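Here is a walk through one protein chain, from its overall layout to its side-chain pairs. Keep the model in view as you read.

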Amino acid sequence: MKKFLLIAVMTVAGVAYAAAQPRAIGANLGGSIGFSYQHGFGEANMLDVSVYTPISVGRGQLWGLSGIVTYDWIDPFGATVPWNEKGEWHWYMGVGGAGGVFFSSPSIGYVGAAGHFGIEYDFWFPFQLSLDWRPVIGVALGGGNATFNTGGLYEGITLGVRYKF
């Protein structure tokens with residue numbers, strides 16, 4: 001009974017701690033369109049999870065799905081953006097991983113390391129705009145060949161629109 005009570009108390013405390021952290025949900029628009037979820041860990045860190053699908057069907061791509069997960073530091077090095085009138089400006093940077101698959105002829109998949117650099121404006125109401133760059137480097141696999149994926153170095157610029165809760 002004591003073990004059950006201890007597990008129940010720890011579960012409730014963990015859920016309450018997770019629910020008390022700031023979160024944001026929204027969309028990223030750029031060379032692809034994506035869904036974005038951010039989960040804050042205090043005021044200085046966040047986890048960013050984004051899932052994308054390509055907008056265009058160029059280069060033989062029919063459709064695909066990719067994802068990026070990064071752990072970000074908010075206002076790293078203690079440097080803040082000085083113009084905060086009604087809302088707040090923040091910049092962030094982080095590291096993580098990425099992977100995806102594009103179904104074409106032949107199908108192409110990739111895995112790699114991801115970076116995340118950006119600036120955001122948090123309005124005085126629960127709304128956020130951001131401009132991000134998510135460079136990805138790694139291995140691309142397709143058609144029986146493995147190649148170095150460099151396309152993600154310059155295609156990862158997006159505009160983010162999120163609702164904060």
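A residue is called buried when its relative accessible area is under 20%, exposed when it is over 50%, and partly exposed in between. K164 has 27% relative accessibility, so K164 counts as partly exposed. That scale returns throughout the text. The model is a predicted one.

Start with the overall layout. The chain holds one helix and ten strands. Along the sequence the order is α-β-β-β-β-β-β-β-β-β-β. The chain has 165 residues, and buried residues make up 36% of them. Its exposed surface comes to about 9,800 Å², with 74% supplied by carbon and sulfur atoms. Take the contacts with a sequence separation of 6 or more. Residues 24 or more positions apart account for 50% of these.

Now turn to the charged side chains. A search of the whole structure finds four salt bridges. One of them joins D48 and R134, at 3.2 Å from N to O. Which parts of the chain does this pair tie together? D48 lies in strand β3, and R134 lies in the loop between β7 (127–133) and β8 (136–142), so the pair links parts that are 86 residues apart in sequence. Strand β3 itself covers residues 45–54.

Is D48 buried or exposed? Its relative accessibility is 0%, so D48 counts as buried. R134 is buried too, because its relative accessible area is 2%. The D48 side chain also makes a polar contact of 3.1 Å with the side chain of Q38.

The surroundings of D48 can be listed. Setting aside neighbours within four places in sequence, D48 is in contact with S36, Y37, Q38, I68, V69, T70, D72, H116, R134 and R162. Two of these names, R134 and R162, come back below.

Salt bridges that share partners join D48, D132, R134 and R162 into one network.

A further salt bridge brings K164 back. The side chains of D122 and K164 meet at 3.6 Å, N to O. D122 lies in strand β6 and K164 in strand β10 (residues 157–164), so this pair ties together parts that are 42 residues apart in sequence. What is the burial state of D122? D122 has a relative accessible area of 7%, so D122 is buried. K164, at 27% relative accessibility, is partly exposed.

Stay with strand β6, which spans residues 108–122 and includes G112. G112 has a relative accessible area of 23%, so G112 is partly exposed. Which residues does G112 touch beyond its neighbours within four places in sequence? They are G96, G97, A98, I137 and G138. G112 and I137 are 25 residues apart in sequence, yet their C-alpha atoms are 5.3 Å apart in space.

The aromatic side chains come next. The count comes to twelve aromatic pairs. One is F123 with F127: the ring centres are 5.5 Å apart and the planes stand at 45°, so the pair is tilted. F123 is partly exposed, because its relative accessibility is 23%. F127 is partly exposed as well, because its relative accessible area is 28%.

Y163 and F165 form another aromatic pair. This one is stacked, with 6.1 Å from centre to centre and 15° between the planes. Relative accessibility is 47% for Y163, so Y163 is partly exposed. F165 has a relative accessible area of 42%, so F165 is partly exposed.

Which residues do ring pairs link into a cluster? They are W89, Y121, F123, W124, F125 and F127. The charged end of K86 sits over the ring of W124, 4.8 Å from its centre.

Move on to the bridge between D122 and K164. Finish at the aromatic cluster, which includes F123 and F127.

Technical notes. Residues are numbered from 1 along each chain as its sequence is written. This is a predicted model: local features need pLDDT of at least 70, side-chain atom pairs count only at pLDDT 80 or more; totals for chains, interfaces and linings use all residues. Side-chain values use heavy atoms; hydrogens and water are left out. Helices (H or I, at least four residues) and strands (E, at least two) are DSSP runs, numbered from the N terminus. Buried means under 20% relative accessible area, exposed over 50%, partly exposed in between (1.4 Å probe, protein chains only). Contact means heavy atoms within 4.5 Å. Rings of Phe, Tyr and Trp (its six-membered ring) pair if their centres lie within 6.5 Å; planes under 30 degrees apart count as stacked, over 60 as edge-to-face and the rest as tilted. A charge sits over a ring if NZ of Lys or CZ of Arg is within 6 Å of the ring centre and within 35 degrees of the ring normal. Accessible areas come from the Shrake-Rupley method with a 1.4 Å probe; for residues, only the protein chains shown count as cover. A polar contact is a pair of N or O atoms within 3.5 Å; within protein, one must be able to donate a hydrogen and the other to accept it, and residues adjacent in sequence count only if both atoms are side-chain atoms.
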